[in-house]
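Student: I would like to go through the labels used for this structure and ask what each one rests on.

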Amino acid sequence: MSSQPTPSHPLDSLTGEEFSATAAVLTREHGIDAGWRYASIILKEPPKAEVKAWRDGDPVVRRSLAVLWRKQTNEVYEAVVNLTDDAVESWTPVPGVTPNFTIDEYHDCDHAMKENPEVRAALAGRGIDDLDLVLFDVWTYGGAVIPEKWRDRRLGWVDLWMRATPDGNPYAHPVSGLKIIVDMNTLEVLEIEDHHDFGFPEVHGEYVPELAGITPREDLKPLQIVQPEGVSFTVEGSRIRWQNWDFRLGFNYREGPVIYQVGFDDQGTRREVAYRLSFAEMIVPYRDSSFDHYRRTAFDIGEWGLGYMCTSLELGCDCLGEITYLDAVLPDTAGQPWTITNAICLHEEDNAVLWKHVDPDSGTEVRRQRRFVVSVHATVANYEYLVYWRFYQDGNIECEVRATGIMVTTPMAEGEQGKATGTTIDERTYAPFHQHFLIARLDLDVDGDGNTVVESDSMPAPISEANPYGLDLHTQATVIRSEAEAGRRYDWERQRGWKVQNPNRLNAWGAPVAYKLVPSASFPSMFDESSPILKRNPVIGKTLWVTRHHDDQFWPAGDYPTQAVDDLGNGMTAWIADDENLVDEDVVLWYNFGIHHITRAEDWPIMPADTISFWLKPFGFFDRNPSLDAPRTIKSAACACGGGECQCDHGEGHGHGGAHAHDEGHEHDHHG
């Protein structure tokens with residue numbers, strides 16, 4: 001992140017200078033020129049044990065990991081560069097893989113298709129002559145369905161869309177039945193598939209008021225959040241501190257934001273909670289086998305990179321309150337830096353009441369709930385994903401994702417009344433059902449890295465002499481002992497959750513300290529076990545996976561999922577094959593959650609945000625409520641709540657004098 005131009009910690013993100021230095025040393029040592037492209041350059045994180053042993057003032061050795069390929073031969077190499085010593089430490093060929101696609105390639109493909117005479121002729125045959133109105137939307141070609149004759153190429157398939165006007169919605173009018181197969185290295189058109197033409201139904205596909213003929217409402221009064229004394233958090237390089245929380249924030253092309261070394265100050269003692277929190281994969285299969293959709297099985301993190309897709313958060317639009325923005329610096333395909341301005345938003349939000357009790361004798365005690373938010377927004381073609389990591393005063397961590405943007409839609413043939421695999425949302429148009437699977441990588445270190453994961457089920461006790469009314473409710477704990485037991489399913493009937501315990505540290509009441517993963521937005525993959533799609537991404541087959549920590553295990557669907565037919569022997573399947581012990585070990589949780597999107601007419605022409613989340617909650621980590629010391633609500637002339645009976649002047653219609661309105665990340669800023 002550009003807020004820290006000089007790295008001073010082993011986990012600080014690579015700077016622009018370090019991207020350029022990586023490219024320079026590889027050019028010098030290996031002759032990298034314009035015939036090569038960089039798929040990525042990322043911080044080569046030091047081993048976890050080294051980072052945890054590092055102390056302020058110790059030397060910081062910096063390494064980068066670059067993935068690049070030679071366009072002429074499609075050869076792929078991984079390079080580790082020691083930036084401290086200005087030397088290449090390793091140069092390793094990686095045969096049989098396809099690196100992630102890049103933003104540069106996306107735009108290059110769009111330009112090349114507009115100029116291609118065969119493509120222009122195919123569109124002219126459909127009456128489309130103004131190619132400035134056409135969007136050529138290239139997708140990676142999923143390995144499960146890739147034609148064998150093109151398997152050794154860097155292969156893309158191009159979806160085509162049509163704007164009604166130069167400023168119109170590019171996703172409102174799909175060019176049905178027409179796909180283009182492209183060699184992404186040469187931008188050669190390998191095949192134009194002209195399967196059918198269902199034309200352009202008269203749809204209401206515009207969402208901008210001026211184009212949609214909509215008059216925006218004018219009856220909403222301004223909502224302002226002010227912090228006249230400034231914010232309550234501090235940002236020192238990559239380190240962030242707020243209300244007993246202390247952590248570091250990183251950013252890379254693949255995961256976007258990464259939250260490192262999370263600790264909580266428990267009455268003067270810093271206690272570890274997590275070493276590393278991030279998103280490891282996002283898989284979006286469209287559940288429609290028709291010609292227009294059978295190739296839509298996107299791996300948005302592994303095939304493209306969530307960080308590459310992050311967008312600038314506009315002052316006045318994306319976050320509400322007193323905002324601290326951070327830029328993100330990423331490499332282009334020449335290995336040179338470019339900046340996403342205001343990529344990350346840091347701010348505080350009020351979130352209603354934290355705790356309260358009204359005592360008829362001693363009066364009322366109430367505390368407003370404040371939370372600290374780290375957020376990014378990513379535009380992945382037609383969809384937007386809004387990601388919020390939230391830290392609470394009571395020790396909770398919440399991760400929320402909102403999906404908005406524009407659904408993929410498809411015309412139906414004349415006279416067709418609907419599709420079994422989608423919802424009719426406009427004139428002769430349906431939106432196919434699909435799923436958004438997100439895999440969160442949760443490397444928790446609960447009071448240290450000797451942890452055990454326990455599956456917790458709730459169940460009623462049978463009626464008996466001791467339980468004559470059937471009231472008793474018990475919990476059952478199942479220890480996940482080894483990686484043979486690593487894949488777990490959510491069970492609604494048992495309200496299943498998972499606790500990460502430290503068996504070596506007991507709380508005051510004799511129980512192991514723990515943090516609990518409270519799942520939500522959990523759903524089964526709903527694939528046949530023999531499906532080639534499930535074989536390609538078996539990680540979505542279970543709600544939770546638990547593995548022993550290894551410094552080189554980051555990507556559960558494989559290091560190179562693009563064009564892969566399975567997880568290539570370096571994803572989840574391979575990781576659990578040796579059945580390592582998981583009791584009192586350094587463990588990593590891989591939590592699969594997301595959106596089971598049965599499409600609605602109300603999601604068209606632009607989708608209201610669909611919101612999902614999960615929680616990490618302290619469970620016996622503290623001996624009592626850790627927010628007892630939360631500050632009382634700021635008193636005002638209108639109201640004084642705390643330290644006695646609440647006395648308010650309701651005549652003014654005002655609430656408490658502190659921050660008393662909150663935002664979920666989509667209103668307008670008061671200050672930037």
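Tutor: The model is predicted, so local features need pLDDT of at least 70 and side-chain atom pairs count only at pLDDT 80 or more, while totals for chains, interfaces and linings use all residues. Residues are numbered from 1 along each chain as its sequence is written, and side-chain values use heavy atoms, with hydrogens and water left out.

Student: Why is the pair Lys48 and Asp445 called a salt bridge?

Tutor: A salt bridge is a side-chain nitrogen of Lys or Arg within 4 Å of a carboxyl oxygen of Asp or Glu. For Lys48 and Asp445 the N to O distance is 3.0 Å, so the pair qualifies. A search of the whole structure gives 49 salt bridges.

Student: What does the pair Lys48 and Asp445 tie together?

Tutor: Lys48 is in helix α2 (residues 48–53) and Asp445 in the loop between β24 (434–444) and β25 (452–460), so the pair connects parts 397 residues apart in sequence. Helices (H or I, at least four residues) and strands (E, at least two) are DSSP runs, numbered from the N terminus.

Student: Which network includes Lys48 and Asp445?

Tutor: Salt bridges with shared partners join Lys48, Lys52, Glu272, Asp443, Asp445, Asp449 and Asp586 into one network.

Student: What makes Asp457 and Arg496 buried?

Tutor: Asp457 has a relative accessible area of 2%, so it is buried. Arg496, at 13%, counts as buried because that value is also under 20%. The two side chains meet in a salt bridge of 2.7 Å, N to O.

Student: What makes a set of residues a nonpolar core?

Tutor: The set must consist of buried Ala, Val, Leu, Ile, Met, Phe, Trp, Tyr and Cys residues joined through side-chain atoms within 4.5 Å. The largest such core has 112 residues, among which Phe279 and Trp389 touch the most other members. A second, separate core of 18 residues includes Ala486, Phe523, Phe527 and Trp575.

Student: Which residues does Phe279 touch?

Tutor: Taking contact as heavy atoms within 4.5 Å, and leaving out residues up to four places away in sequence, Phe279 touches residues including Ile301, Leu306, Trp389 and Phe593.

Key. Buried means under 20% relative accessible area, exposed over 50%, partly exposed in between (1.4 Å probe, protein chains only).
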